Amino acid sequence: MKETRLHTCMLCEAVCGIKVEVDGDRVTAVRGDPDDPFSRGHVCPKVAAIDDIRTDPDRILAPLRRDGDRHVEVSWDRALDEAAEQIVRIQKEHGRHSVAVYLGNPVAHTYSGLMFMMLLSKMLRTHSRFSASSVDQLPQMVAAWSLFGHQLLMPVPDVDRTDFFLILGANPVVSNGSIMTAPGIADRIKAIRARGGRVVVIDPRRTETAELAGEHHFIRPGTDALLLFAMVHVIFAERLARLGRFAAFTDGVDALERAARDFSPEAVAPATGIAADTIRELARSFAKAPKAACYGRVGTSTQEFGSVASWLVYVLNLVTGHLDEVGGSMFTTPAADMVDVTARSGQTGHYARWKSRVRGLPEFGGELPVAVLSEEIETPGDGQIRALITFAGNPVLSTPNGGRLERALAKLDFMLSIDIYKNETTRHAHIILPTTFGLERDHFDLALNIYAVRNAARHAAAIFPPAGKTRHDWEILADLASRIDRKRGGGWRSFIPRSSDLARRIGPRRALDLLLRFGPHRLSLRALEKQPHGIDLGALRPEQLPRRLFTRTKRIDIAPALFLDQVPVLAKRLTRSAPPEERLELISRRQLRSNNSWMHNSLRLVKGRERCTLLMHPDDAAARGIADGAEVSVRSSVGAVVAKAEISDEMARGVVSLPHGWGHDRRGIDLRIASAHAGASVNDLTEELSVDAISGNASFSGVHVAVEAVRP
Ligand SMILES: Nc1nc2c(c(=O)[nH]1)N[C@H]1C(S)=C(S)[C@@H](COP(=O)(O)OP(=O)(O)OC[C@H]3O[C@@H](n4cnc5c(=O)[nH]c(N)nc54)[C@H](O)[C@@H]3O)O[C@H]1N2
Ligand SMILES: Nc1nc2c(c(=O)[nH]1)N[C@H]1C(S)=C(S)[C@@H](COP(=O)(O)OP(=O)(O)OC[C@H]3O[C@@H](n4cnc5c(=O)[nH]c(N)nc54)[C@H](O)[C@@H]3O)O[C@H]1N2
Ligand code: SF4
Ligand SMILES: [Mo]
């Protein structure tokens with residue numbers, strides 16, 4: 001029987017509302033939902049792949065247990081029992097920190113998985129917690145926590161009302177926006193220009209977003225903090241600072257001004273590659289614009305000075321009067337307000353309460369930077385990691401020096417993966433537990449509505465039953481938690497009701513309903529279900545600060561010591577010599593028909609011309625005798641890969657770009673289509689020892705590489 005069902009695309013942060021044409025157990029079409037008040041019918045080419053994955057013959061449909069080099073099917077009972085037993089045993093024998101957890105990006109896209117992962121994490125009481133945050137937005141969280149007192153209170157650019165959108169290190173036209181949930185972002189950017197506004201992109205590559213913006217400046221990788229400091233310098237030097245109502249609750253402005261003094265536009269021009277006049281003009285125009293928003297993302301975050309750069313993005317918005325104002329950088333009031341909910345239980349973030357055992361990198365919010373994972377597995381001693389649970393993550397392809405991590409994983413006593421595929425990471429697991437996917441579960445955007453450019457809410461009911469023997473993420477996590485609880489228990493403890501059992505009985509739907517009822521819009525699950533196209537909750541509201549500050553003093557320290565301590569180090573960057581002539585600086589990029597590392601098994605997304613190419617400037621290619629389409633070898637201090645060169649002046653001179661998420665040529669994976677379109681992993685080149693000094697976040701931008709033609 002044919003019918004049309006509504007759902008949400010959960011592949012990226014744009015969370016488009018979709019209309020799914022269903023014929024029995026088949027999907028015949030997926031389209032954007034024009035009646036969705038937020039996404040207004042927008043979708044991207046990835047949307048149809050939602051069902052490719054559900055019906056992918058390579059998907060794991062039953063629990064697997066490793067037997068030598070192979071994985072064989074086992075019952076849920078056996079798989080869960082064995083996993084719980086190993087975890088309990090290893091924690092008993094080697095201490096609680098010997099069991100590590102790694103959470104991947106898709107965790108942010110399932111409200112139920114997210115809720116129950118928090119439960120399991122809490123139960124394990126391990127300090128060895130890692131996630132994709134530390135190869136992504138961790139510096140932005142550190143900046144938000146330092147300034148506003150809550151790691152989740154990150155401002156969002158009010159793209160629909162701004163007249164000056166300054167974008168650093170983000171390519172939303174391709175990524176569809178991040179920490180800026182904005183379906184149809186290309187149209188929203190076009191609208192800024194159509195109403196006479198200005199859009200400026202700062203990026204070592206002239207990106208798809210730069211083309212649309214019409215104004216672009218190349219920047220040397222890793223130097224955004226210098227550029228931003230120079231803008232702040234100009235703003236103070238020319239008395240353009242306009243703190244407005246923030247003056248009443250902001251401290252440290254003088255210290256900020258002093259810190260910016262050494263970073264004049266002339267001083268930073270050589271290192272950034274941006275002319276002093278350009279910087280000055282940008283600073284003046286940004287400060288004077290009635291409505292302006294500065295936004296930085298993965299490119300400014302995953303770099304050597306990622307935390308300083310992320311802090312300065314917020315600072316620039318604040319000192320120009322563009323923070324928390326219409327058309328500027330604003331805070332949301334989502335239907336389920338995780339910022340307030342987590343604050344009520346004291347989870348606003350903390351820093352350096354403990355440090356990683358081997359390298360001494362600080363925890364943040366209870367997590368350690370994933371750049372230390374390999375060494376923590378490899379280095380013997382007290383607290384050595386002996387077991388790893390991965391949940392919706394593929395760190396072999398997504399974390400720095402994936403090659404080393406891959407070798408380290410093989411040494412674990414026990415590894416459990418909760419995933420949909422046997423891929424570069426999960427193939428190492430002793431047990432793989434397969435989960436439902438996308439249209440097989442109900443959906444609400446718990447995490448991403450916090451960063452939406454409009455307040456909106458939508459709940460979608462599951463369309464299909466679980467495939468094969470798969471179970472929902474939350475059910476698996478809850479069951480595992482109960483079994484761990486039981487196996488640990490014994491004695492009097494077995495008589496008290498367990499919180500894991502209780503949570504399981506309440507279930508994610510009821511928990512969500514409660515969050516909605518206590519949220520700022522006093523909604524309920526029933527109210528959302530009555531409006532399946534979604535509910536518009538209005539434009540972002542200005543003037544939420546100081547009311548929503550979570551700092552102890554209820555004030556903002558705009559120049560915290562954490563960042564000021566880095567200023568002398570940053571100043572040295574001004575005079576650092578360029579890499580030797582034969583070295584190039586490597587950055588990464590995203591592609592519209594790709595989603596991190598895990599959507600290359602959909603034929604419709606990978607067919608056509610090869611996409612995992614090394615983009616390079618014509619002069620750099622000519623200097624090395626490299627022709628367009630030629631195979632080149634790319635070498636860094638940690639590894640080497642081979643890729644096809646794609647020569648284009650969209651790259652800055654001296655900078656090359658490889659997309660991230662490829663490299664499916666590894667043995668032992670069950671991804672037939674991806675293997676046939678393997679590409680190379682950029683993270684076989686990135687260095688686990690290069691991290692942002694403050695947060696320990698991976699520094700992916702500007703890895704020094706040697707590139708040469710591969711001679712047959
Ligand atoms: N060099 C470089 N490295 C980067 C980046 C970069 O720009 N450059 N970007 C970084 C960023 S921003 C991120 S977020 C990380 C991503 O890092 P990861 O999260 O580690 O990697 P993903 O590729 O997103 O892998 C997601 C995994 O989840 C599985 N999965 C998908 N859906 C589900 C589900 O519903 N349930 C379960 N249980 N599993 C599921 C997939 O099969 C896959 O194994 O990569 C980072 N790495
Ligand atoms: N199609 C698609 N969409 C995605 C994803 C995907 O893989 N594919 N991944 C999702 C995820 S997990 C995330 S976090 C978001 C990320 O969303 P974005 O942050 O928009 O991601 P990118 O496209 O990686 O953009 C980063 C930009 O930074 C530039 N850059 C690199 N180094 C530097 C530098 O030092 N300074 C400056 N100024 N720029 C630099 C790169 O050239 C690139 O254009 O996208 C999400 N959406
Ligand atoms: S933009 Fe993102 S949410 Fe929208 S259809 Fe594409 S992948 Fe899905
Ligand atoms: Mo990400």
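Trainee: Which domains give residues to the shell around ligand 1?

Mentor: Domain 2 (80-132 + 338-537) and domain 4 (579-709) both do, so ligand 1 lies between them. The domain bounds come from an automatic or database domain assignment. Bear in mind this is a predicted model, where local features need pLDDT of at least 70, side-chain atom pairs count only at pLDDT 80 or more, and totals for chains, interfaces and linings use all residues. Residues are numbered from 1 along each chain as its sequence is written, chains are lettered from A and ligands numbered from 1 in the order in which they are written, and side-chain values use heavy atoms, with hydrogens and water left out.

Trainee: OK, and which residues come nearest to ligand 1?

Mentor: Of the 32 around ligand 1, those are Tyr-102, Asn-105, Ser-398, Asp-419 and Ser-597. "Around" here means having a heavy atom within 4 Å.

Trainee: How far is the Arg-441 side chain from an oxygen atom of ligand 1?

Mentor: An N or O atom in that Arg-441 side chain sits 2.8 Å from the ligand 1 oxygen. That's a polar contact, a pair of N or O atoms within 3.5 Å. For Thr-435, a polar side-chain atom is 3.3 Å from a nitrogen atom of ligand 1.

Trainee: What about ligand 3, how does its shell split by class?

Mentor: Nine nonpolar residues, one polar and one charged. Nonpolar covers Ala, Val, Leu, Ile, Met, Phe, Trp, Tyr, Cys and Pro, charged covers Asp, Glu, Lys and Arg, and the others, Gly among them, are polar. The residues surrounding ligand 3 include Cys-9, Cys-12, Cys-16 and Cys-44.

Definitions and conventions
Polar contact = N/O pair within 3.5 Å; in protein donor to acceptor, adjacent residues only side chain to side chain.
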